[in-house]
Amino acid sequence: MLHSAPSVALREDEVERIAQRLGREPSAVELAAFDAQWSEHCSYKSSRHHLKRLPVSGSSVVLGPGEDAGILHLGIHDGERYAVVIAHESHNHPSQVVPFEGAATGVGGIVRDVLCMGAQVIAVADPLRFGRADAAESHARYVAQAAVDGIGAYGNAIGVPNLAGDVYFDAGFDENCLINVVALGLVKESNVIHSHVPKDADGWEIVLVGKATDASGFGGASFSSLTLDAEDAEANKGAVQVPDPFLKSVLMRASYRTFALLHERKLEAAFKDLGAGGIMGCSAEMTAGGGHGAAIDLDRVNVALEGMAPEVIAVGETQERLMWALPPAIVPDVLRIYNEEFTLPEVAYNARASVIGRVTADKRYVLRYDGAVVMDVESDFLTGSIRDELPYTEVIRHAAPANELAAVSVEYLLPRVLAHRDVCSREPLYRRYDAVVRGCTVLPRGAADAGVLAPIPGSPLGVALAVAGNPRYGRIDPRYAAEHAVIEAVRRVVAVGAQPIGLTDCLNFGNPRKPDQYGEFVRAVDGLACAADALTLPFVSGNVSLYNESADGSAVPASPIVACVGAIEDVGQVITPGLKHAGSTLLWIGSRELAVGGSVLAELLGVDEPLPALSYGAERTAIGILRDAAARGILRSCRAVSDGGMLTALVRMAFDAFTAGRPIGAEIDFGNPFCESGGFVCEVSDAAGVDLTGALQIGVTTEAPELVVNGTHFSLAQLYEIWSKPLSEIYP
Amino acid sequence: MTRAIAIGLKIPDNTAYTALVALRRLGVAVEGVERNEVFFFDDDGDVAALVRRVKADETIFNPNKHRLEVLAQAAPRPGELWVEPLERAPNRAAAVAWRLTDARGLPASSQVLEAAADRLLCNPAIDRARV
Amino acid sequence: MSGRIAVLVFPGTNSEDETLRVLRDCGGDAELVHWSSPERLAGYDAYVLSGGFAHEDRIRAGAVAAHDRMMDYVIQGAQRGKLVFGICNGAQIVLEAGLVPGTGAIRKPTAAFTHNAPAPHFVCRHVYMKLAIEPARCAITASLPRDALVPSWAAHGEGRLAATSKHLDEIVTGGHLAFVYAHADGTVDDAAVPNGSALRCAGLVNREGNVLAIMPHAERDAWNFNHLERSDSGDVLAPSGGSIIFRSFVEAVSQL
């Protein structure tokens, strides 16, 4: 018989607490169940109380955090209220060990989180942090290549466009890559399906759909809470999760058909992704969330191999599975849809939809196997929130005092900034992802600061998506990095002309049991809360990934990563970044704090400078000026200032024109054009009427395909060559 | 001399499963399908050193998901069909080795292998089949 | 009269919805037909095989799907003069079924759409397909202007035409090279080719001219909102760009 791995991550005091509550020693199945359910991954035991500081409500919120994904109101079309579903996850630890499968199953998991809200999956995005992949034959390069291939292989096959994302390369990620994934869905607000059963669900049947349960991924929930090293990699091989995008593609379509049937019959149901904790975690949370219990018969689970121990069937993390709780009357039709119309058993070995148990009125969670009860516990005790109050130390960053920077030579710096690993073109990477499947893409990834879709056939409503999170800032100040991540994600969405409507976050940090590493996490949460409050935006979904720690005990650079969703009334009005005409005025709108700490420039010059200060007032003013210019029709193009600073943003606007067959140049004068403090570079037809207290005229566009900065001339074609090539070394 | 090393998955192989289902539907008498990629390496006689070298190349071998076998000969074994690309590309496998078994678990006959190649596993415009 | 169009859905097909939408927006009478009811296909006059990863392209792109029961109907239909239009994965399936270039027997392909080169990776890139035959040579392209440029997206890992030199010669001399990759201004060179395709091939047609297989996705650049900078009217929802090939297809179906 295949038994569970002996390593249980539960602490002794936790095991004692369980035994005390049960009045007996827990069974092997119970131990495995609590191990999964009380793991950091499922319980958020050391983070949940801090996350309470994040704002989660607002006029756009249809559903805040608490279920598998959050939901934001998008707009009204044809009398129907439409919403976007969004979820944000990480799959860091598995991807460091088996990057292709790890990253692919990350996409697979996030897609299920969105799907199970009753939504059509319309986009994915992936913020990535890799180690020094520039070294050929390094593990970091292998991870950087294979993870991207895994994301592509999965997302491309299921037919969901990759709309946004970013990538940074930093030695701090050599031993711990970060693979974050975001998914977007579209749903009519009246058709949302919840992750837990309603109050009157007694007697509903529990239906498991998807791949046959196997031993793969057993212990995955705890896997993410252990430090990785080469030995663990071997020892954890049972935890390799195997992606099957082919099965997922069919499961998605069968689920869409089931949604339609439910709406037709006006029936309620609950639908939930199986993630960490497997069948047990999913059915326990789904039923306890509605004040119910569950009785599951493990013998009715479709399995891939005989002789698996009940704890493996109960908590194993086989991919490509979802769970329904359904009124009994509709169950035969749902089974027919998955098993006959969509032929699941022919798509993957023993894949199917099967009834495995029912929702009960008492609040007990009961598992039977081979005729005997192998688990019988109070549902609320199993799924209720447990809390670890861990100590943390204040993060004090002694930033060096600001220095008068020696006059910088733009001629020397511009080519180096453009070729920098965090600035150069991402196209060699994202070209491996399908950006246009579904035919709804308005601005594909890379075309602008945010990706834009027109997801509703026959409607001009648009949705924009962008991500942000700068590890160079994270290293210097976790709180500031978090604030900056929010602002930058928002800025990117604003830059395409969208109205930001909500945020998600994934907090990637080190070991919470180390007070200094935990302190970084705590302060980053403060930063997210502060920025979201200041910009009056809610967080509707999120994820925490801790223990991103190397063998030597050091943590990844503090990595609060944020995604922002924007709504667009008419996609015809989106703003694109390519320069449009010679003779336009160029403005820099927004904060022009000249500190260079954490910038690419600071790294190139080897200087240690303080981070630029943040001003939410200036940020709101900038957004106002931009929206006003767009409304008055004078805004021709725009880009948010980001890595590589204002000049990089402007150069990329010229590249965007250049590659579209419009050779337009620019001539500007500005002291240090590499500051990354923020704002927007804008091309306007006429600066008259623009509030110049918050905007600075920096130059004009020209007819010659060249750039003139403070009198120094650059050929756009040469700069493009420098900027576009570096990543093709890693992604040929 | 040239040494052939077969690298296969120790995690479930979805492609092999699809091949099995498809071959059966086409009436080819197989009950088991295993798939390996075969790589050719120059070998100075020190097989252990070669294996170490191959195992160190993560782009073709990851111990968490792959298993590796040094083949006695650079040729198909009984029950094996090698599908070799007509144009060899660098860093790609020299062949995909399909190992087919019959209802008794024995290596498939060469007729079965040829039928499998002809009906599904080989496109003669780009591949050559060897049994 | 207007013929009926079936858009086939294999397990793993992923572009059926937008393909259906563009056909309908171009006036076609189109419906989805699903793999679990292949017999429904007998009632249609034209078949569109849309993009995706049927059976995840396991073994070889299109190889397993070419043997699907739905393909029995498509092959029979093609032999009786029905129109068959394969796009991307649909093109790979049509080729594996032996319908294009059609120089061999059924289900005995004489060419392949195989791994891209030089880098054997998936590529998603905006491209132009240029009509390389007389429009009337193929029923589906008959309403296109000569040398038509069709804006599209290449989005595939196995899109490179490959064949033995004998079979490549047959493709050229038999007039099977329907589309080649080109730049926006219509010039044709290797830089316009996203995948290393032999003959710079983007599409193939059979001898009779009723089966067309194209690798790029014209339906993903088919409405004004897909290409705001090239919009040809104020209505962002209006079909334009790549939709011209679907218009031509629907026109051909109406003349059946």
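S240(C) sits in the loop between β11 and α5 (243–254) of chain C.

Leaving aside residues up to four places away in sequence, they are W223(C), N224(C), S231(C) and D232(C). Now draw a distance from S240(C) to Y73(C). The two are 167 residues apart in sequence, and their C-alpha atoms are 32 Å apart in space.

**Helix α2 of chain C**

Turn the view until you look down the axis of α2(C).

Step past the end of the helix. G81(C) follows α2(C), and its phi is positive, near 95°.

**Where chain C meets chain A**

Bring chain A into view beside chain C. The contact takes 30 residues from chain C and 35 residues from chain A. On the chain C side, select α1 (16–25), β6 (123–131) and β7 (149–156), the elements that give two or more residues to the contact. Then colour that side by class. It has 14 nonpolar, eight polar and eight charged residues.

**Chain A as a whole**

Chain A has 24 helices and 26 strands. Its radius of gyration is 26 Å, close to the 27 Å that the globule rule gives for 732 residues, so chain A is as compact as a globular protein of that length. Along the principal axes, the C-alpha trace of chain A spans about 85 × 55 × 45 Å.

Colour chain A by burial. Of its 732 residues, 63% count as buried.

Domain 1 covers 12–383 and domain 2 covers 575–732. Taken over C-alpha atoms, the centres of domain 1 and domain 2 of chain A are separated by 42 Å.

**Two helices of chain A**

Select helix α11 (residues 278–288) of chain A. How many of the residues of α11 are buried? The helix is mostly covered, with 11 of its 11 residues buried. The run includes G278(A), C282(A), E285(A) and A288(A).

Move to helix α7 (residues 139–158) of chain A and pick out Q145(A). With 22 other C-beta atoms within 10 Å, Q145(A) is buried.

**Confidence in chain A**

Chain A averages 92, and 94% of the residues score at least 70. Two stretches deserve a stop. Over residues 1–6 of chain A, pLDDT stays under 50, and the model has 16 contacts for them beyond four places in sequence. Residues 219–237 of chain A are also below 50, with 46 contacts in the model beyond near neighbours in sequence. Where pLDDT is low, the predicted coordinates should not be read in detail.

**Chain B**

Finish with chain B. Its secondary structure comes to three helices and six strands. Trace the chain along its sequence and the pattern is β-α-β-α-β-β-β-α-β. The radius of gyration of chain B is 15 Å, close to the 14 Å that the globule rule gives for 131 residues, so chain B is as compact as a globular protein of that length. The C-alpha atoms of chain B fill a box of roughly 45 × 30 × 25 Å along the principal axes.

Colour chain B by burial: buried residues make up 35% of the 131. Of the contacts in chain B with a separation of 6 or more, 67% are between residues 24 or more positions apart.

Last, show chain B against chain A. The contact takes 11 residues from chain B and 15 residues from chain A. The chain B side has five nonpolar, four polar and two charged residues.

Conventions:
Residues are numbered from 1 along each chain as its sequence is written. Chains are lettered from A and ligands numbered from 1 in the order in which they are written. This is a predicted model: local features need pLDDT of at least 70, side-chain atom pairs count only at pLDDT 80 or more; totals for chains, interfaces and linings use all residues. Two residues are in contact if their C-beta atoms, placed from the backbone, lie within 7 Å. Helices (H or I, at least four residues) and strands (E, at least two) are DSSP runs, numbered from the N terminus. Ala, Val, Leu, Ile, Met, Phe, Trp, Tyr, Cys and Pro count as nonpolar, Asp, Glu, Lys and Arg as charged, and the others, Gly among them, as polar. Domain bounds come from an automatic or database domain assignment. The radius of gyration is taken over C-alpha atoms; the globule rule is 2.2 Å times the number of residues to the power 0.38. A residue is buried if 20 or more other C-beta atoms lie within 10 Å of its own, exposed if 12 or fewer, and partly exposed in between; C-beta atoms are placed from the backbone. pLDDT is the predictor's confidence in each residue, from 0 to 100.
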